[in-house]
Amino acid sequence: MSQAYQGSQTHSKFSSILPWIVWSSPVLFYFYQFTIRVSPSVLADDIMADLGLHATAMGALASWYYIGYTGMQIPVGLLIDRVGVRLPLFVATLMCVTGCYLFSITDNLAIMSAGRLMMGIGSALGFLSCVKTASLWFSPQRLGLIIGLTMMIGTMGATFGGMPLSELVEHIGWRSTVQGLGILGLVLAGYALLVIKENKHSPYQSQVNHDGKHWMEPVAEALKEILTNKYTYIFGLYGGMMYVHLSGFADLWGPTFISQTYGEDKSLSAGAVSMIYFGVAAGAPISALLADYLQSYRKVLLAGALGALCLFTAHLYMVHLPFESLYPMYFGVGLFSGSQFLCFAAVCAGNCHGKTGTAAGIHNMMCMASGIIFQPLIGYLLDFNWDGKLVENSPFYASSDYNLALIVIPASLAIAATACLFMKETYKAKVAQG
């Protein structure tokens with residue numbers, strides 16, 4: 001075999017794995033940002049005891065992540081379309097690192113809130129950078145598979161933020177755990193600089209507009225068209241209400257509720273809650289296949305809301321169920337919840353071709369806004385019904401307190417189901433677009 005042939009064969013093999021190497025950086029960051037997003041669910045008890053916080057303050061503190069994440073969705077999308085992924089992802093990772101450091105070194109709530117805000121701003125690049133990289137390095141036929149893998153790996157990050165992170169907190173404390181997450185972020189920042197490259201041969205490569213037209217003009221036109229479409233808000237209401245049990249329960253109050261109600265330690269409680277994200281990972285592709293079979297987004301969205309409503313309500317008020325039953329029940333809640341990701345396809349199909357990215361960004365903002373509202377709201381309701389009992393300098397909330405506070409989750413799922421009745425079926429629009 002000639003050296004030239006061997007060289008070309010080696011180059012061909014490298015070219016085939018290069019897209020996966022480049023994509024590995026944003027997807028590892030997506031895993032990472034999911035972990036820091038859900039970390040308050042296993043840190044809450046220790047932080048409240050350490051700082052003497054009540055539930056309302058803890059909910060407000062955790063929600064600063066969602067404020068940063070939600071507010072940056074559209075700006076981040078515009079940024080990576082203009083300058084690419086490599087440098088923005090590096091900076092975003094360093095913002096998460098700085099946020100972790102600020103959060104872990106102080107007892108000052110303002111500084112800790114700024115830390116969570118920085119984590120949210122940096123994390124806003126997570127999913128969008130994965131999609132952008134996939135569109136640049138993989139064929140359009142493989143894009144659906146790559147996005148599906150991205151979502152699966154992201155939800156694995158959420159499960160890592162459950163039981164494994166809880167074990168770490170038990171051994172080294174919450175401050176050292178958060179600092180460890182910061183160190184991991186530094187490694188990912190360096191990895192991003194090392195492996196992310198521009199694909200100059202991609203038709204979707206970022207290009208600067210040289211035609212003299214201000215680049216914000218088409219963006220303003222797209223925003224106006226999308227924001228004057230009433231179905232944008234109906235789909236947004238559905239997505240936001242379907243996200244409440246993730247942002248308000250799985251990401252914060254779930255493990256403490258289970259620990260109090262069932263008497264299990266935080267590690268096992270966090271492990272049970274993480275089954276919701278396992279269910280979401282399975283439910284998203286299943287919902288897409290079901291929508292194709294039924295040729296309807298609306299029917300699958302309604303079924304998802306009703307299924308999640310029934311299972312979560314049963315789990316919340318059937319308190320005599322054995323602890324082991326929570327694992328399949330939470331998985332089922334997540335499985336039905338996977339339908340919410342169809343909203344991205346439904347919103348994009350319902351808007352003009354060429355504006356789908358902006359429409360998806362706006363929809364994602366509406367979904368993530370639920371964390372801003374419901375994390376502190378659930379905390380407020382816990383405090384509202386609290387009898388004033390303290391245990392080790394931390395408020396002790398009884399099961400009855402949680403049952404009252406968490407009623408907002410069945411209510412939100414019922415609102416999501418009702419929103420389906422006012423939706424426009426956009427599946428045929430998707431088919432028409434090809």
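Biologist: How are helix 13 and helix 15 oriented to each other: parallel, antiparallel, perpendicular or oblique?
Modeller: Keep in mind that this is a predicted model. Helix 13 covers residues 244-262 and helix 15 covers residues 275-294, and they pack with their axes 10 Å apart at an angle of about 135 degrees. Roughly perpendicular stops at 115 degrees, and roughly antiparallel needs over 145. So helix 13 and helix 15 come out as oblique.

Biologist: Which residues of helix 15 are met by helix 13?
Modeller: By class, that contact has 6 nonpolar residues, no polar ones and 1 charged. From the helix 13 side come Leu246, Phe249, Ala250 and Asp251. In helix 15 they meet Ile276, Tyr277 and Val280.

Biologist: Phe249 is an aromatic residue; which ring cluster is it linked into?
Modeller: Searching the whole structure turns up 19 aromatic pairs. Ring pairs join Phe249 into a cluster with Phe257, Phe312, Tyr330, Trp386, Tyr397 and Tyr402.

Biologist: What is the angle between the planes of Phe29 and Tyr32?
Modeller: Phe29 and Tyr32 both sit in helix 1 (residues 3-38), and being 3 residues apart, they are separated by about one helical turn. Both Phe29 and Tyr32 are buried. Their rings form a tilted pair, 6.2 Å centre to centre, with the planes at 40 degrees.

Biologist: Is Phe127 buried, exposed or partly exposed?
Modeller: Tyr30, at 8% relative accessibility, counts as buried. Phe127 has a relative accessible area of 23%. Buried would need a value under 20% and exposed one over 50%, so Phe127 is partly exposed.

Biologist: How many disulfides does the structure hold?
Modeller: A disulfide is a covalent bond between the sulfur atoms of two cysteines. Take Cys100, which counts as buried at 1% relative accessibility: the closest cysteine sulfur, in Cys96, is 6.7 Å away, too far for a bond. Cys310, by the way, counts as exposed at 54% relative accessibility. The number of disulfides in the structure is 0.

Biologist: What is the phi of Gln295?
Modeller: Most residues other than glycine have a negative phi. Gln295, found in the loop between helix 15 and helix 16 (297-317), counts as exposed at 53% relative accessibility. Gln295 has a positive value although it isn't glycine, with phi near 55 degrees.

Biologist: Which residues does Pro395 contact, leaving aside its neighbours within four places in sequence?
Modeller: Pro395 is found in strand 2 (residues 394-395) and counts as buried, at 9% relative accessibility. Contact here takes heavy atoms within 4.5 Å. With those neighbours left aside, Pro395 is in contact with Met48, Leu53, His54, Trp386, Lys389 and Leu390.

Biologist: Last one: what distance separates the C-alpha atoms of Pro395 and Ala55?
Modeller: Along the chain, Pro395 and Ala55 are 340 residues apart.

Note on methods
Residues are numbered from 1 along each chain as its sequence is written. This is a predicted model: local features need pLDDT of at least 70, side-chain atom pairs count only at pLDDT 80 or more; totals for chains, interfaces and linings use all residues. Side-chain values use heavy atoms; hydrogens and water are left out. A disulfide is a pair of cysteine sulfur atoms within 2.5 Å. Buried means under 20% relative accessible area, exposed over 50%, partly exposed in between (1.4 Å probe, protein chains only). Axes are lines fitted to C-alpha atoms, for helices over the stretch in contact, and angles run from 0 to 180 degrees between N-to-C directions. Helices (H or I, at least four residues) and strands (E, at least two) are DSSP runs, numbered from the N terminus. Angles under 35 degrees count as roughly parallel, over 145 as roughly antiparallel, 65 to 115 as roughly perpendicular and the rest as oblique. Ala, Val, Leu, Ile, Met, Phe, Trp, Tyr, Cys and Pro count as nonpolar, Asp, Glu, Lys and Arg as charged, and the others, Gly among them, as polar. Rings of Phe, Tyr and Trp (its six-membered ring) pair if their centres lie within 6.5 Å; planes under 30 degrees apart count as stacked, over 60 as edge-to-face and the rest as tilted.
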